[in-house]
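Please read the following briefing alongside the sequence and the coordinates.

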Amino acid sequence: MVAISEPQVELFFPKPCKQNSKNNPLFMPTIPIIDLSKPDLKHLLVKACQEFGFFKVINHGVPIKCINKLESEAIKFFNSPLSAKQKAGPPDPFGYGNKSIGQNGDMGWVEYLLLNPKLESHYKNPTISILEDKPEKFKYTVDDYVTSVKKMTCAILELLADELNLPQNVFSNMLRDEQSDSVFRVNYYPPCPLFQEHEMKGKKLIGFGEHTDPQIISVLRSNNTSGLEILLKDGNWMSVPPDTNSFFVNVGDSLQVMTNGRFKSVKHRVVANSLKSRLSMIYFGGPPLCQKIAPLHLLMKRDEASLYKEFTWYEYKKSAFNSRLSDNRLCRFEKNRNVLIKVPSLKVELETSN
């Protein structure tokens, strides 16, 4: 393994943020658990989206065999020689990336694949052709996984809409639309023993920096290595215990806007491990590019002010991916801002959203 110079090492160990001294780690809040096999879970779903913007899903109906099969194929890819993986990159917008995240200098100890879930579309998915002698096998594996996860995601969105007294398909139809701008991402955080000394000093190896997801909703599944952390209201980071049999769901920025701030798009990050690899697979449910995003009038109470200006997903996507990961991306579209900042057209790289 090639030695990494000190300046490069420090890129992956940002200075720790100030924590709330009043916080007692023995009394951290409990992550909401949603059992999709139970009746009358709509209230719990809405509560989780309002208080956390994040929850764990069990009894989800996605076949474990389907999950394990895709994970196996992904690990096979990431264990390939770097020269082979680089044939699938850089992301344009889909493909293989390594350490560099987005267009604006964000770095993380991560390799990743960005794929269009619609593998039959005209979009380029360069990774398909290099994974193995029979690339169709990988295509079908991704198809099976994404189809099952999308079905579960739409069911969750319909339960949320129903509890909010909205038309049941108001959110899910955006994902089912043929022009849906959804994205499938696989992140791999390789071990690096060179960083162990820094970890022993209490520093955290950043795999993917803090951010919110700009889409409607994100559904993540990871292996049994910990690393995912969410930012609590008191300013402390909470580690999410891994669970290979469950999914974790994030409210996205777009859903926060459509609910006029009722649901919260939680800021999260991934801390890598110097000795153990971590693999996560994320489905980002996005609307069509032309979809207008604004607080839903049917949800607004009498005399309730709209917190956000109306914009299209295309406009927000351009703005979000022209920013740094940790930026408050929605602030440009808040009603109390003077002007909606326009950004130039650019090729966007879809992260855990990024």
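This is a predicted model: local features need pLDDT of at least 70, side-chain atom pairs count only at pLDDT 80 or more; totals for chains, interfaces and linings use all residues.

**A central strand and its sheet**

In strand β11, which spans residues 268–271, His268 and Val270 point one way while Arg269 and Val271 point the other way, and all of them are buried.

- Strand β11 belongs to an open sheet of 4 strands, whose order is β6-β11-β8-β9 and whose pairing is antiparallel.
- Because β6 (206–211) and β9 (237–239) stand at the edges and each has a single partner strand, one side of each is left without a neighbour in the sheet.
- From one strand to the next, the twist of this sheet averages 25 degrees.

**Strand pairing, bridge by bridge**

- Strands β6 and β11 pair in the antiparallel sense over 3 bridges, and Phe208 stands opposite Val270 in β11.
- Strand β8 is joined to β11 by 3 bridges, the two running antiparallel, and here Glu229 stands opposite Arg269 in β11.
- Strand β8, made up of residues 228–231, is also joined to β9 by 3 bridges, again in an antiparallel arrangement, and the bridge partner of Glu229 in β9 is Ser239.
- Glu229 therefore has a counterpart in each of two strands, namely Arg269 in β11 and Ser239 in β9, where a pair of strands is one for which DSSP finds at least two bridges.

**Nonpolar cores**

- The largest nonpolar core holds 62 residues, of which Phe55, Phe78, Tyr145, Ile156, Phe184 and Phe247 touch the most other members.
- Helix α5 (residues 135–163) supplies the largest share of this core, with 11 residues.
- Phe247, once its neighbours within four places in sequence are left aside, is in contact with residues that include Phe55, Val57, Ile67, Tyr145, Val149, Met152, Val219 and Leu220, and also with Lys56, His60, Val62 and Arg221.
- Another core, of 28 residues, lies apart from the largest one, and among its members are Phe52, Tyr189, Leu232 and Val240.

**The chain as a whole**

- The secondary structure of the chain comes to 9 helices and 14 strands, and 53% of its 354 residues count as buried.
- Among contacts between residues at least 6 apart in sequence, 75% join residues at least 24 apart.
- The accessible surface of the chain comes to about 17000 Å², and 52% of that surface belongs to carbon and sulfur atoms.

Terms used. Residues are numbered from 1 along each chain as its sequence is written. Side-chain values use heavy atoms; hydrogens and water are left out. Axes are lines fitted to C-alpha atoms, for helices over the stretch in contact, and angles run from 0 to 180 degrees between N-to-C directions. A nonpolar core is a set of buried Ala, Val, Leu, Ile, Met, Phe, Trp, Tyr and Cys residues joined through side-chain atoms within 4.5 Å. Buried means under 20% relative accessible area, exposed over 50%, partly exposed in between (1.4 Å probe, protein chains only). Contact means heavy atoms within 4.5 Å. Accessible areas come from the Shrake-Rupley method with a 1.4 Å probe; for residues, only the protein chains shown count as cover.
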